[in-house]
Amino acid sequence: MSSPALSFTLVITGAPYSTQAPQTALAFARATVAAGHRIDRVFLYGDGVYLASNLASPPSDEANWSHQWRAFLEEKAVPGVACIASALRRGIVDDNEKQRYELPASNIAAPFSIAGLGEWVEGVARSDRVIYFHGGN
Amino acid sequence: MKPFHTLHILNKRPGHPGFKSCLSCLESRDALLLTENGVLALADKGLTLEGAVYALSADLVARAIPEDASIANVIDYDEMVALTIRANRVISW
Amino acid sequence: MKTLVIINQAPYGNWSGREALDMALSLAAFDQPATLLFTSDGVNWLRKDQQAAAISQKSVDRNLAAASIFGVSELLADHQSCHRFGLDDHTMIEGITLANINADFLRAYGHVISLS
């Protein structure tokens with residue numbers, strides 16, 4: 001007997017490679033969808049915003065967490081949001097912010113977008129479950 | 001299946017202050033899920049874990065820590081999702 | 001449903017506590033009930049007379065003043081952690097209520113966030 005479909009917001013606060021957060025979160029996300037539940041959004045906060053960089057270039061024999069997450073979000077049509085305050089501090093910017101701050105480049109990887117903490121608050125208020133994937137160190 | 005009051009997801013190694021904080025907030029109707037470096041607790045001879053304890057298989061296998069059903073129920077990610085649903089509340093430490 | 005945001009890291013060494021505080025402030029800004037709890041190293045947020053300009057940062061006691069203005073309903077501190085770090089009425093900023101962090105205490109909160 002399967003449970004009714006629930007909605008999830010996933011929050012990732014750990015960076016790829018420095019932590020396991022992106023890996024555990026992705027495995028969890030895949031299992032969530034496979035079980036028939038819905039992911040309302042994936043919210044990147046703190047160091048988690050590094051997952052949204054399109055410049056990460058690990059060796060080809062290592063997992064590319066940014067690519068894997070982007071493919072998942074696109075395939076399952078799940079919104080991926082990087083918190084603007086966390087992102088700007090760490091140098092993850094979109095075209096808007098590039099113009100606003102007169103930066104030489106933008107580097108946010110589609111389909112991630114930049115937004116405020118209000119997106120996370122919406123998850124707290126509306127999703128059946130909000131699950132956090134933190135750094136472990 | 002009986003619901004848990006709270007599922008505590010613990011990814012911190014036993015020496016991390018968050019590990020102790022988590023354990024001090026466990027009660028008998030809760031479940032503890034060890035993930036990532038948290039699974040080191042199963043290899044730590046100085047520790048005794050009580051109550052409903054779960055551990056992620058992938059993290060045990062990665063670290064070559066033997067599965068010991070007398071200490072923890074070893075689960076996969078599908079079962080991890082099921083645990084988050086079975087609990088009324090989920091706290092990630 | 002009440003949310004508890006736990007600050008367990010001291011200020012200035014990393015940004016984790018500030019980011020936890022921003023979460024509490026955002027909840028309050030959107031009229032979601034939020035309580036802030038300082039525990040472990042995090043109680044060091046509560047020391048009087050911090051002068052973070054010495055390390056090119058803004059002192060966090062100003063951010064805490066904002067918390068109550070924004071509508072964060074309570075600022076709590078773990079009693080044991082305060083004792084451990086020598087924090088008492090003389091050394092702590094005002095407006096902090098002591099609490100004991102345990103399962104009983106957490107029961108009141110439907111949502112608990114502990115960044116690391």
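What follows is a short walk through chain B, a sheet in chain C and one serine in chain A. The model is a predicted one.

A box of roughly 30 × 25 × 20 Å, taken along the principal axes, holds the C-alpha atoms of chain B. As for burial, 45% of the 93 residues of chain B count as buried. Looking at contacts in chain B between residues at least 6 apart in sequence, 55% link residues at least 24 apart.

Over in chain C, five strands line up as an open sheet with parallel pairing, in the order β4-β3-β2-β1-β5. At the edges sit β4 (97–99) and β5 (111–114) of chain C, each with pairing on one side only. On average, neighbouring strands of this sheet are turned by 30° against each other, ignoring direction. Strand β3 (residues 74–78) of chain C joins β4(C) through three bridges, in the parallel sense. Here C:A77 stands opposite C:L98, which belongs to β4(C).

Because 13 other C-beta atoms lie within 10 Å, A:S18 is partly exposed. Leaving aside residues up to four places away in sequence, A:S18 touches A:D47 and A:G135. A:A31, by contrast, is 13 residues from A:S18 in sequence and 23 Å from A:S18 in space, C-alpha to C-alpha.

Methods: Residues numbered from 1 in each chain as written. Chains lettered and ligands numbered in written order. Predicted model: local features only at pLDDT ≥ 70, side-chain atom pairs only at ≥ 80, totals over all residues. Pairing = 2+ DSSP bridges. Helix = DSSP H or I, 4+ residues; strand = E, 2+ residues; numbered from the N terminus. Axes fitted to C-alpha atoms, helices over the stretch in contact; angles between N-to-C directions. Buried ≥ 20, exposed ≤ 12 C-beta atoms within 10 Å, placed from the backbone. Contact = placed C-beta atoms within 7 Å.
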